[in-house]
Amino acid sequence: MKNDFYTYREIRQQPKVWREAYSIIRARKQEILAFTDKYLNAGFQVILTGAGTSAYIGDALEPSLLDTRFKGARALATTDIITNPGLYLDKSSKILLVSFARSGNSPESVGAIKAVEATAGEVAHIFITCNKDGELALRKGDNILCILLPPATNDLSLAMTSSYSTMFLSCALIANIDHLEADAPLVEEVASCVEKMMDKYEDAIEKLASRSFTRAIFLGSGPLKGVAEEGRLKLQELTDGAVMCSFDSFLGFRHGPKAVVNKDSLMVYLLSPNAHVRRYELDLIRQVRAGNQLKGTMVVCTSNPGLAPEEYDVCVESGMSPSMPPCYGGVSFVVACQLLGFFKSIDCGLCPDTPSVSGNISRVVEGVTLYLD
């Protein structure tokens with residue numbers, strides 16, 4: 001039954017398409033190196049942009065790229081650029097705009113490009129997209145580098161899964177293009193660990209999804225806060241809003257947002273591989289458990305840092321090295337969240353491929369009128 005759904009197959013295919021994306025980028029290494037050198041050496045600022053899930057790629061990557069050639073990159077959603085470009089750019093701006101787009105046809109993807117070109121002084125583009133027939137993939141120009149990902153990443157499901165993670169990983173590979181060959185074992189480690197993780201924990205996640213929670217809170221620190229943002233969206237959109245979700249950092253959650261926790265809540269904790277950061281996270285986990293009745297708790301981590309069995313319902317361990325750079329390892333954490341959303345969608349009596357009974361959301365956003373004059 002699971003294999004009848006595009007969503008499930010697209011979640012499960014991720015390690016395979018990550019390896020394929022690495023091969024695509026490695027084959028174009030010299031072209032990518034020359035293009036990025038041209039603009040970064042001229043002082044262009046990198047802006048990571050997209051809408052919805054595609055924007056969340058930038059939110060997770062921004063704090064992950066400090067040690068890469070994209071150091072100082074800024075995440076800025078297309079939906080913010082379009083409405084208020086002058087708040088972020090002016091004619092002194094020199095921008096290398098990295099656009100993430102599954103279809104490459106959404107109004108915001110096209111509109112943001114036009115808004116940046118009209119507002120900034122100089123602009124170059126890197127398009128990371130999954131659709132060879134999309135408007136972004138078909139755009140040409142000396143200032144454009146298009147990275148077209150494997151066709152399978154153009155997810156047919158409403159929810160972006162393999163498109164999200166493969167665009168995420170591909171941008172990280174471009175940012176580390178200088179030592180791409182040396183990073184091949186890291187990509188293989190992520191892919192291999194996620195394959196084993198899915199096989200080992202899928203049944204436990206499915207069982208957890210059958211609980212009657214109506215709220216879910218996703219927490220992550222640093223780069224994993226952006227991954228928690230995407231995990232939150234996956235569960236909410238795959239249940240057509242039947243499960244209302246929020247996200248935050250572990251420390252930020254204490255300052256008011258913790259009010260959302262009630263007896264109908266599921267807590268999803270994305271634990272940092274960093275032992276220092278984890279001390280704050282474990283304190284919060286234990287505080288929430290001591291002060292609240294919950295429907296369940298899911299922990300996602302590289303390895304269990306010492307939580308007792310009674311402190312969680314499912315502990316998903318990827319088995320990755322804690323030294324894995326977050327710009328690569330971040331994609332492993334989202335997979336457990338995707339599976340949770342998929343199984344909860346079925347538990348709600350929905351079709352995961354087309355969960356929006358109301359029609360409020362669609363695979364490619366419609367109904368946006370661009371006012372760029």
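A nonpolar core is a set of buried Ala, Val, Leu, Ile, Met, Phe, Trp, Tyr and Cys residues joined through side-chain atoms within 4.5 Å. Buried means under 20% relative accessible area, exposed over 50%, and partly exposed in between (1.4 Å probe, protein chains only).

Before you select anything: this is a predicted model, where local features need pLDDT of at least 70 and side-chain atom pairs count only at pLDDT 80 or more, while totals for chains, interfaces and linings use all residues. Residues are numbered from 1 along each chain as its sequence is written, and side-chain values use heavy atoms, with hydrogens and water left out.

**Stop 1: the cores.** Select Leu-61, Phe-70, Ile-126, Ile-128, Ile-205, Met-298 and Leu-340. These have the most contacts inside the largest nonpolar core, which has 89 residues. Helices (H or I, at least four residues) and strands (E, at least two) are DSSP runs, numbered from the N terminus. Centre on Leu-340. Leaving aside neighbours within four places in sequence, its contacts (heavy atoms within 4.5 Å) include Ile-205, Phe-213, Leu-266 and Met-298. A second, separate core has 19 residues, among them Ile-82, Val-116, Ala-120 and Ala-137.

**Stop 2: the sheet.** Switch to cartoon. Five strands form an open parallel sheet in the order β7-β6-β8-β9-β10. Strands pair if DSSP finds at least two bridges between them. β7 and β10 (314-317) are the edges; each has a single partner strand, so one side of each lacks a neighbour in the sheet. Zoom in on β6 (residues 215-220): its parallel pairing with β7 runs over five bridges. Ala-216 stands opposite Cys-245 in β7.

Stop 3: Show α9 (residues 184-209). It lies across β8 (265-270), β9 (296-301) and β10, at about 160 degrees to β10. Axes are lines fitted to C-alpha atoms, for helices over the stretch in contact, and angles run from 0 to 180 degrees between N-to-C directions. Then show α12 (residues 275-291), which packs on the sheet and touches β6 and β8.

**Stop 4: Glu-311.** Find this residue in the loop between β9 and β10. Glu-311 is buried, at 11% relative accessible area. Its side chain reaches the backbone nitrogen of Ala-308 at 2.7 Å.

**Stop 5: Asp-240.** Go to the loop between α10 (223-238) and β7 (244-248). Asp-240 has a positive phi of about 55 degrees, although it is not a glycine. Most residues other than glycine have a negative phi. Asp-240 is partly exposed, at 28%.

Notes: Polar contact = N/O pair within 3.5 Å; in protein donor to acceptor, adjacent residues only side chain to side chain.
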